[in-house]
Amino acid sequence: MYLNILKKDLKRKKTMNIILLIFITLAVMFVSSSGNNFTSIFTALDSYMDSAGVPDYFIGTKGTAPNGKSVTDIVKKLDYVTSCKTENCIYTSLDAIKVNNKKIDMQYMGQETLTSFKSSVLTYFDGNNEKITNIDKGELYLKKTFLTENNISIGDKITITIDNVSDEFTIKGYIKNAVFGSSMIDNQNFVLNQADYEKFLKINSLESRKGQYIYIDTTNTASLKQEISDDPTIVFAGDRNLIKTTYIMDMIIAGILLVMSIFLIIIAFVILKFTITFTLKEEFREIGIMKAIGIKNIKIRSLYIVKYFAMSVTGAVIGFICGIPFGNMLLMQASDNIVLNSKSGVLINLICSIAVVLIIMLFCYRSTKKVKHFTPVDAIRNGQTGERFRRKGIIKLSKIHLRPVTFMAINDIFSGFKQFSIVMLSFMIGILLITITLNTMSTLQSDKLISWFSMTESDVYLVFKNSEEKYIVSDGHQKLKEDLKEMENKLSDNGIKAKCASEILFKFTIEKGDYKCKSLSFQGTGTTADQYTYLEGTAPVNKNEVAITYIIADTIHAKIGDTVTISTVEGSSDYIVTAIYQSMNNMGEGIRINEKVELDYSQAFEIFDYQITYTDNPTDNEKNDRIKLIKELYPNYSVKNGGEYVDTLIGGAAGYMNDVAYLIVLIVIIINILVSVLMEKSFFTNEKSEIAMLKAIGFSNRAIICRQTLRMAIVMTAAAIIAVLLADPVGQLAVTGIFRIMGAKNIIFDVNIIQTYIIYPLIVLVCTIISVFIASQQVRKVSSSEINNIE
Amino acid sequence: MEKILEVTNLCKTYIVNKRQNNVLKNVNFSVETGQMIAIMGPSGSGKSTLLYTVSGMDKATAGEIYFCGRELSKLSAKELADVRLDKMGFIFQQMYMLKNLTILDNVVLPAIQSKKNTATRKEKVTNAQQLMRKLGIIDICGNDINEVSGGQLQRACICRSMVNNPKIIFADEPTGALNRTSSDEVMEELCKINNNNGTAIMLVTHDIKVAARCARVLYIVDGNIQGEYNLDKFTDPSTLRDRERKLNSWLMELGW
């Protein structure tokens, strides 16, 4: 008999049952795919580092130390070093590389090296996350950014020429190198076959180009850092944590996808809970009748539990199947540079699907407790026992000057706030997700971010295509000043009034008492120290003053007013710390040295690109014209505006981040449309008799559709407004942790107000309202004559 | 007397499970201004279908229905809605009202929605309150619909059907869900409306006591009008028993 009742129920309440089934399917799909993403992303970096064999500490050296002692020799003697493996490399430059016989046009930012696959310490992975086991003669693997930034395809020919040795290779694929793989690191490592690599060992200038990658496992990283901090051959050194933090851009994307997964899970469960409670409430008549004929509560409950179990299992199977490709699609967005461990993916999907079924059963068990409250009278009196004195509406048509349609829409919301709050919540979370993502993206692409990279904001940046090593000589400072002056004159002759500047980077040891560390140190030429942004204190305007980043301040336990010692090749000097600032260079390292201090530029590490700042406030059109002119004047440089330059600094992640932002906007729109349409369908099923009655008393289809759409539009507009108001505080809370890892602790979002708070919410709002409007066209199918046939 | 409703060769067919079910077969009748007409017949004979079809709530399969000189089948959905709003009133067996509105708001709703009703909102509300006062339910005007009895609710439905001063009220078993006392009260109110306002009333009923208050009774069997019984206009309650007796014997002749 129960089977028959169940069959009839499934048939008769087809619409509501289908809606519930769709929600269960969506919930399973979202929860299973999100659960899989959760575990994949949380464990991704560690598992990637482990499978690639990244050690506790990594050092990259170049050249030979003046005292002849190599870093390897020092490290191997340390008793707390448990393992030290080395890999030789040859430093080259982009000048040496041609692709398909053409010089490449890639701006210079890092170091390029050749290594042999045979002697590689790390395990490398290819684009399909498979271990690379062999590289044939004449083939090489390189980093993906090299392919994408130069529009090069796998299979293209690449020619490497160093001094007297030249060889052509076929690009076999791109490599996932755990140490250099992140988009934040510009180093390009070309991995060759051993025989090919050995050819380059015959170059004339081998000694100055030789280097080593040293992979160290140690029980005391802090002591190791101190021990090697003075070695001049070290070009890059960092522990496993530092290497992990270089993947911050990938993790930001992954983090945003995680937030979205949480959003999907919340939506799924909230809606499920609502739908189960809602559908069960509609069963009062059947429950009343069953009670009237003497069926026990437990039997009635079991009937509904069986029904929901059947539906949840069906939904779980469909959701489980759909969840796998959906999850993979999301995961793909975060897996370009990282090998994501998804081996247990299907298992996690399965566990999550079973969990959803169990949670649905729990909801159902709790909701069916209400069965004992329904009485046979509910069946007889259609749910209105006359004992329910709960007032529903709080506004009155007779007392308020609103058109009936508007009044009914508002009144519906207030009367059934609980059910509309579901739509509100899902819509609000969706808009919040979009605004936080867009704010993070626009902040990371904003030219204001320049100040977080220890530079002043400028209008134009002339990016070096090759390292400007001409300044890395003893009188480099003077030469730089002269070149900048010459640039200003040349620009002035062409009608552009501007100041030119550049930053020189050193790697100095800074110490206070027992604490010392090596840090990037900056000195501006063409700028003054007071032009930079500081978190606290005042700019180091005197020669014996410095500003340090809060990461360095924490490392050496220094604060404003303290005296610190900075060691250069000329000796050590004491400086007073006058300010603390934030920087995203090398995960927060930085010392700002006053521009008046004369430093020996031969010890410089690198020079930043030329900066041009207009002094005559040109209009936007003039700025565009000037960029064209500057490109003509300086054809050997890549000319960029602030936004483009920031993109270079963050590893060209802008386009990628935009893709993710658009994907999130698209997913949010689809989810909101789905939720709103399904909610509208549920409301419609429940309100059929009301709609028929309204038609009978003379309300047109248009008026009723307007009411159905308007109330959803009101709820969604309110949700959008709340979301926009919450976007900044919630966004700060959500992303501060991510920025802090990069070295910035004081985040002020760079908000594109029109785009983030108006255009995108409007797009989502309009799309959702249109879909609700289309869904509510079903009102036309209801005939007023059906009034007595509808329960 | 002016004919407000004229039905010619009305047919209505439902197709259920590929089987054609002719519910109304060439029905012809008319209703004049101020007339009170009852439709009786056994269950499933097509009474409610006839009511919903002639009121434009359902579409006729064939035939013509003229309401106030306009053929309903030629009106658009919007025009039909306007006709129902301004010129027709409806009362159903179940007292359908919007759950989230008070009784007064439910009553005044069609008046405020109507564009032809040119009174101010305040006047519309006052008019609704007066109607409720007349029907003795002014005390419950601020109540929610689940706080009142069935009889009170049906009287509120009558007020709602009257609020735009319609030409005709269609009532589908208006006393079907009420007890005898409430039923008598509701019918008294309908008769008053018919007598005082000149509003025509067409009602479907199984109850001889209800039909006896009407001036005309149509008896329908299997979608055909089997007969028509004419009585005088009901004005004197003391004649009710006699009218019931006469009607009963006529119905018995028809196999009731």
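Okay, let's start with an arginine: Arg592(A) lies over the face of Tyr532(A), 3.6 Å from the ring centre. Keep in mind that what we're looking at is a predicted model. There's another arginine to show you, too: Arg626(A) has its charged end over the ring of Tyr614(A), at 4.7 Å from the centre.

Now, rings with rings. How many aromatic pairs does a search of the whole structure find? Over all chains, the count comes to 22.

Let me walk you through one of them. Tyr48(A) and Phe125(A) have ring centres 6.2 Å apart, and their planes make an angle of 55 degrees, so we call this pair tilted; edge-to-face would need over 60. And where do these two sit? Tyr48(A) is in helix α2, residues 14–52, while Phe125(A) is in strand β6, residues 125–126, so the pair ties together parts that are 77 residues apart in sequence. Buried or exposed, then, for Tyr48(A)? Tyr48(A) has 0% relative accessibility, so it counts as buried. Phe125(A) comes in at 5%, so that one counts as buried as well.

Next pair: Tyr471(A) and Tyr610(A). Here the centres are 6.4 Å apart and the planes are at 80 degrees, so this one is edge-to-face. Tyr471(A) lies in the loop between β13 and α16, and Tyr610(A) belongs to strand β22, so this contact ties together parts 139 residues apart in sequence. Both Tyr471(A) and Tyr610(A) are buried.

Phe58(A), Phe180(A), Tyr213(A) and Tyr215(A) make up one aromatic cluster.

Definitions and conventions
Residues are numbered from 1 along each chain as its sequence is written. Chains are lettered from A and ligands numbered from 1 in the order in which they are written. This is a predicted model: local features need pLDDT of at least 70, side-chain atom pairs count only at pLDDT 80 or more; totals for chains, interfaces and linings use all residues. Side-chain values use heavy atoms; hydrogens and water are left out. Rings of Phe, Tyr and Trp (its six-membered ring) pair if their centres lie within 6.5 Å; planes under 30 degrees apart count as stacked, over 60 as edge-to-face and the rest as tilted. Helices (H or I, at least four residues) and strands (E, at least two) are DSSP runs, numbered from the N terminus. Buried means under 20% relative accessible area, exposed over 50%, partly exposed in between (1.4 Å probe, protein chains only). A charge sits over a ring if NZ of Lys or CZ of Arg is within 6 Å of the ring centre and within 35 degrees of the ring normal.
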